[in-house]
Amino acid sequence: MPCTTHFRFANLVKNTKNVEYVKLIVSCLDYSSEDSFNRFILQTALTSANVSGRKWTTRFLTILLSHNINDFSIWGIKLLLDQLADSSAKLVRHSLRLLHLWIPHYPESVYLIKDICLDEFGDAGILLKAYIFSSESYVKDNSHDTLATLDYWKKKFNMRYVEIIDEDVRVALFDSKRSIDGRYARSSNERIGKLNVPMPVHLYGQLAQHDTGRELLLRSNEVNRLLDVLRNSPLPTDAYQTSKLKGALYALGHIIANVNPNLLPSEAVPIICRFAECCPVLSIRGTAFWVLNLIGNTQL
């Protein structure tokens, strides 16, 4: 049962303009108990505190996520998803980054995404929605949505996926940050100590995690289509052709990383190796090398 102190804490994080009080209260509470009033205080800090308090508390969720607190995959990820409705664009963007970082560690939480409209979040929303398709039950029960999403990735988003990765690499190499309106700010003189560009989630990789998705990818002849792109495309002379080849490499790599090699054409891996060894376009060669690392990191 909550005591007077708990109510005081809740009122303080709700009404204070001093973020230090929010930090002190939120960081000192125990959230392991399901019926604890402390979780209500945390939720209050996430939704009712001033902007600085909400931002700090959202970042604090990362600490809770890393400690794998009891049933956090349900209530914790749900709190993070609720932050997508915040009025602060910076906070929403940070929440999206945290969701992309932690949902793979809590795969049982993907069903929480299905009822959220992610269209307004642009590319980040499309990538976040891809996690839903790692659920075999969702794919079985929502075949129309699955086919429509697969068609969208095949016709358009595979190439946009390349641009997203290229932008992430550019930001990491030049220490530039995007503003809220999408423009690049001036590069910073401070060099970051570690360059790290994680591979974004890919629809094909999520579908390939279960039998229904693998069957869909193979039945739709998508693997052979990607191989045809790699076999038949001439040496690229413009950005479009380059992105087309890189998109095919990424898409094929995500499939190979999650599918038994015996189910795929024997040429699937060797053709990626040839691009990594021989392609005269260095960005494509680098993409192929990265894809081989993705494949080699699996335990199939």
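**Entry 1: Arg 39.** I looked up the side chain of Arg 39 and found one of its polar atoms 3.5 Å from the backbone oxygen of Ser 32. The model is predicted, with local features needing pLDDT of at least 70, side-chain atom pairs counting only at pLDDT 80 or more, and totals for chains, interfaces and linings using all residues. Residues are numbered from 1 along each chain as its sequence is written, and side-chain values use heavy atoms, with hydrogens and water left out.

I located Arg 39 in helix 3, residues 38–47 (helices are DSSP runs of H or I, at least four residues, numbered from the N terminus). Arg 39 counts as buried because its relative accessibility is 10% (buried means under 20% relative accessible area, exposed over 50%, with a 1.4 Å probe and protein chains only). Setting aside residues up to four places away in sequence, I noted that Arg 39 touches several residues, including Tyr 31, Asn 70 and Trp 75 (contact means heavy atoms within 4.5 Å).

**Entry 2: helix 14.** In helix 14, residues 268–278, I found Ala 268, Ile 271, Ile 272, Phe 275 and Ala 276 buried. They line one face of the helix, because seen down its axis they fall within an arc of 140° (the arc is that of the directions from the helix axis to the C-beta atoms). I recorded that these buried residues pack against helix 12 (222–232), helix 13 (239–256) and helix 15 (282–296). The face turned away from the buried side carries the exposed residues Glu 277 and Cys 278.

**Entry 3: Arg 214.** I located Arg 214 in helix 11, residues 211–219. Arg 214 counts as buried, at 19% relative accessibility.

Terms used
Helix = DSSP H or I, 4+ residues; strand = E, 2+ residues; numbered from the N terminus. Polar contact = N/O pair within 3.5 Å; in protein donor to acceptor, adjacent residues only side chain to side chain.
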